[in-house]
Amino acid sequence: MSLIVAGLALILIPKKEYKHYFLYGMIFGGVGEVIVVTFLRYIGLVRYRDMGSFNILGLFPFWTPLTGMFVFMIFFYLLPVRKGFLITYIICFSALNYGTGLMLNQLGLFEYVEIYLYIAPFISILWYSLAAHVYFRSGGIRLK
């Protein structure tokens, strides 16, 4: 899955702009994923299974932050600047994130624990909204 998302990022994002989106993707997708997943694991709301030797300290698979980084690169590259489109865009990316979690849950690789199954979409919306807000503020981009 990481290779598919990475390939998609390499195809969509122009080579000249790759460094710019890589930085934001690394912060929100790579580091952000590590922080959020570690916290959620610590409080017992998510579990990864069958990681084998491809894990980071037994907490999550190494592909989780890599895939998150590429997903956020695509998220920032395609980010609309109109409010109406932005809200829909964030909801769609959050649904995609949640759907991926449900798919991994069905495959037996990931597990939402207890109530987190129901609050995960709202956490995703919050996460993508925060990322878009920081991106717009740091780039001096105004919404239309």
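Select Glu111 and Arg47 to begin: their side chains form a salt bridge, with 3.0 Å from N to O. Glu111 belongs to strand β4 and Arg47 to strand β1, so the contact links parts that are 64 residues apart in sequence. A salt bridge here is a side-chain nitrogen of Lys or Arg within 4 Å of a carboxyl oxygen of Asp or Glu; the count by this rule is 1. Strands (E, at least two residues) and helices (H or I, at least four) are DSSP runs, numbered from the N terminus.

This is a predicted model, in which local features need pLDDT of at least 70 and side-chain atom pairs count only at pLDDT 80 or more, while totals for chains, interfaces and linings use all residues. Residues are numbered from 1 along each chain as its sequence is written, and side-chain values use heavy atoms, with hydrogens and water left out.

Next, colour the pair by relative accessible area (buried under 20%, exposed over 50%, partly exposed in between; 1.4 Å probe, protein chains only). Glu111 is buried at 18%, whereas Arg47 is partly exposed at 40%.

Stay in strand β4 and select Phe110. Phe110 is buried, with a relative accessible area of 9%.

Move on to Glu114, in the loop between β4 and α5. The phi angle of Glu114 is near 50 degrees, a positive value in a residue other than glycine. Glu114 is exposed, with a relative accessible area of 67%.

Now display the largest pocket, which holds about 680 Å³ of space. A pocket is an open set of points on a 1 Å grid over the protein atoms alone, where a 1.4 Å probe fits, with protein on both sides within 12 Å along at least five of seven lines; lining residues have an atom within 4 Å of a point. The volume is the space filled by probe spheres set on the points, which are joined across faces, edges and corners. Of the 31 lining residues, Glu33, Asn97, Thr100, Gly101 and Tyr128 lie nearest the centre. Elements that each supply at least two lining residues include α2 (18–42), α4 (83–106) and α5 (116–139).

Finally, select Leu66 in helix α3 (residues 63–77). Leu66 counts as partly exposed, at 36% relative accessibility.
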